[in-house]
Amino acid sequence: MQIGSREFDVANHTYVMGILNVTPDSFSDGGKYNTLDQALFQGERMVRQGADLLDIGGESSRPGHTPVSPEEEMERLLPILTKLRVEFDLPLSVDTCKAAVAKEAIKAGADLINDIWGLKKEKEMAGVIAEGGVACCLMHNRKEAVYREFWEEVKEDLAECLSLADSAGIPRQKILLDPGVGFGKDCGQNLLAIGRLKELKELGCPLLLGTSRKSVIGLTLDLPVDQRLEGTLVTTVYGVLQGCAFVRVHDVLENVRAIRMAEAIRDSAGI
């Protein structure tokens, strides 16, 4: 799979997407990197630690967050995106569900649009991505964790996202799928989504797993957000063994090491 100028061997390796939130209210690191200098420092740090791409977010998606306008989101995102584009030769992703923001981000050099609503929030989003010729990550999401048959409906919902992408002319080889851990799901459903991740490969696209520091880890281990590294690493290793192509994480170095070790064991055993 090609993202920007880089080719990713998604069939054989799990890559690390570093999270760079330039927001004041993200659940884990809100306010830490919402100035240009702070964001650049953290971006450089993650690159040094082995991040394969960076995902920049200008609006929190945590439960109960305060929505921001497209203009405010762009004010947060575009300066750091533009600077990172000059400083580093690695793919850059922008985490947004707003078509207007995605359009300007692509102009500023974004290589991937990470849409937590899987093209379903704004009908213009699919066309913006197709016209921009960039890759995208389509995440499963619902407003409420209400299902008749949870896992079957998750797969059906993601198939609908792919149908929207097809209709807009987004090539399948430019699409990642994300099961949406922590979005529209309770704790048990999140665990099931992680545990059965491999089954989503039936939809024909590489998979991204985003569990870093999330509530499913906190609830399972009864730990606050700043003590969820070990739980995150377990989900990363599990993702490797299920053939996950990308993990989206806050703690880059530790996850890079965990992936290397898990892949060495997997490859030695011929799993």
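**Entry 1: glutamate 7.** Is glutamate 7 buried or exposed? I keep in mind that this is a predicted model. With a relative accessible area of 52%, glutamate 7 is exposed, because the cut-off for that word is over 50%. I found glutamate 7 in strand S2, residues 6-7. Leaving out residues up to four places away in sequence, I saw that glutamate 7 touches Met1 and Gln2. I also checked lysine 174, which is 167 residues apart from glutamate 7 along the chain; their C-alpha atoms are separated by 11 Å.

**Entry 2: the whole chain.** I then stepped back and counted nine helices and 10 strands in the protein chain. The radius of gyration is 17 Å, close to the 18 Å that the globule rule gives for 271 residues, so the chain is as compact as a globular protein of that length. Along the principal axes, the C-alpha atoms fill a box of roughly 45 × 40 × 35 Å. I noted that 55% of the 271 residues count as buried. Taking contacts between residues at least 6 apart in sequence, I found that 68% join residues at least 24 apart. The chain exposes about 12000 Å², and carbon and sulfur atoms supply 51% of that. For charges, I have 31 positive and 41 negative side chains down on my page, with the centres of the two sets 1 Å apart.

**Entry 3: helix H5.** Next I looked at helix H5, residues 150-168. Its 19 residues should span 27 Å at 1.5 Å a residue, and I found the end C-alpha atoms 28 Å apart, which agrees. Buried residues in H5 include Phe150, Trp151, Val154, Leu158, Cys161 and Leu162. I had to remind myself that residues three or four places apart on an α-helix point the same way, because there are 3.6 residues a turn. What covers the buried residues of H5 includes strand S7 (135-139), strand S8 (175-178) and helix H6 (187-195). After H5 comes glycine 169, with a positive phi near 90°.

Entry 4: Arginine 213 has a positive phi of about 60°, and aspartate 222 one of about 55°. Arginine 213 sits in the loop between strand S9 and helix H7, and is buried at 16% relative accessible area. Aspartate 222 is in the loop between H7 and helix H8, and counts as exposed at 68%.

Note on methods. Residues numbered from 1 in each chain as written. Predicted model: local features only at pLDDT ≥ 70, side-chain atom pairs only at ≥ 80, totals over all residues. Heavy atoms only, no water. Helix = DSSP H or I, 4+ residues; strand = E, 2+ residues; numbered from the N terminus. Expected span 1.5 Å × (residues − 1). Buried < 20%, exposed > 50% of the residue type's maximum accessible area, 1.4 Å probe, protein only. Contact = heavy atoms within 4.5 Å. Rg over C-alpha atoms; globule rule 2.2 N^0.38 Å. Areas by Shrake-Rupley, 256 points an atom, 1.4 Å probe, with all protein chains shown as cover. Lys, Arg positive; Asp, Glu negative; His and termini not counted. Charge placed at Lys NZ, Arg CZ, Asp CG, Glu CD.
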